[in-house]
Amino acid sequence: MREGRLRWFGHVMRSTDAPVRRCQRLALDRFRRSIGRPKKYWREVIRHDMEQLQLIEDMTLDRKTSIKSELRVLKGEMEEQTEMVGRAFVDHYYNLFDNDRSSIGALYQPSSMFSFEGQKLLGSEDICAKLNELPFGQCRHVISTIDSQPSSFTGGIIVFVSGSIQLLGEDHPLRFSQMFHLIPTVEGSFFVQNDIFRLNYG
């Protein structure tokens, strides 16, 4: 669907007399929007598509450019980048958890939400306090799987982790699953907006 919209956009913008141009947004004087959800205009949808796929308008206007192939390349690059960020975050997070848990609060913000075995916490201070009051000291996380996807928030990434926790002095590791929703910061890094943790029993 997105590819079709971009192809049609390129056709319309190349054709100076295309009747579809009449559908573009009009600037009306003394226009009052009716009550309800704002209308989503065609040009705004196209702009969002190009932002998501990191395309520029010239790429849609060039007939020699295969939008399908461009989308395929960009999709592969986005997936690779998403996986790379997800793995880098997981390595960093659990390294802090295992070796310097007191500093893990820097990965959260006041708006962050954390669910730990059903207990819900809001804000970096409460989250950090919860993690530091857990009834065990040294531990080691062994990661089994990492799955990452881009989220609907621009630049956001959802990371799902499964693995085990080996506690000091315990013979049997604890299996766990954890989900993170990462949001980009203006500095170019990420913070944890949502975090859900569960032990896997049975």
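Tyr94 is buried, with a relative accessible area of 4%; buried stands for under 20% relative accessible area, exposed for over 50%, and partly exposed for values in between (1.4 Å probe, protein chains only). This is a predicted model, in which local features need pLDDT of at least 70 and side-chain atom pairs count only at pLDDT 80 or more, while totals for chains, interfaces and linings use all residues. Residues are numbered from 1 along each chain as its sequence is written, and side-chain values use heavy atoms, with hydrogens and water left out.

**Aromatic pairs**

- The whole structure holds 10 aromatic pairs, a pair being two rings of Phe, Tyr or Trp (its six-membered ring) with centres within 6.5 Å; planes under 30 degrees apart count as stacked, over 60 as edge-to-face and the rest as tilted.
- Tyr94 and Phe180 make an edge-to-face pair, at 6.3 Å centre to centre and with 70 degrees between the planes.
- Because Tyr94 sits in helix H4 (residues 67-99) and Phe180 in strand S5 (residues 174-184), this pair ties together parts that are 86 residues apart in sequence. Helices (H or I, at least four residues) and strands (E, at least two) are DSSP runs, numbered from the N terminus.
- Phe180 is buried as well, its relative accessible area being 0%.
- Phe176 and Phe197 make a stacked pair, with centres 5.7 Å apart and 20 degrees between the planes.
- Phe176 belongs to strand S5 and Phe197 to strand S6 (residues 190-199), so their pair ties together parts that are 21 residues apart in sequence.
- Both Phe176 and Phe197 are buried.
- One aromatic cluster is formed by Phe89, Tyr93, Tyr94, Phe97, Phe114, Phe116, Phe176, Phe180 and Phe197.

**The sheet**

- Six strands make an open sheet of mixed pairing, in the order S2-S1-S6-S5-S4-S3; two strands pair if DSSP finds at least two bridges between them.
- Strands S2 (119-122) and S3 (139-150) are at the edges with a single partner strand each, so one side of each has no neighbour in the sheet.
- From one strand to the next, the twist averages 15 degrees. Axes are lines fitted to C-alpha atoms, for helices over the stretch in contact, and angles run from 0 to 180 degrees between N-to-C directions.
- Strands of a sheet pair through backbone hydrogen bonds, either parallel or antiparallel.
- S5 and S6 are antiparallel and share nine bridges; Gln178 has Phe197 in S6 as its bridge partner.
- S3 and strand S4 (residues 157-167) run antiparallel and are joined by 11 bridges, with Ser148 opposite Val159 in S4.
- The hairpin of S3 and S4 has six residues between the strands, and Gly155 in this hairpin takes a positive phi near 85 degrees.

**Ser124 and helix H5**

- Ser124 is placed in helix H5 (residues 124-132) and counts as buried at 19% relative accessibility.
- Leaving aside residues up to four places away in sequence, Ser124 touches Gly105, Tyr108, Gln109 and Pro110; contact means heavy atoms within 4.5 Å.

**Cysteines**

- The count of disulfides is zero, where a disulfide is a pair of cysteine sulfur atoms within 2.5 Å.
- Cys128 counts as buried at 15% relative accessibility, and Cys139 counts as buried at 9%.
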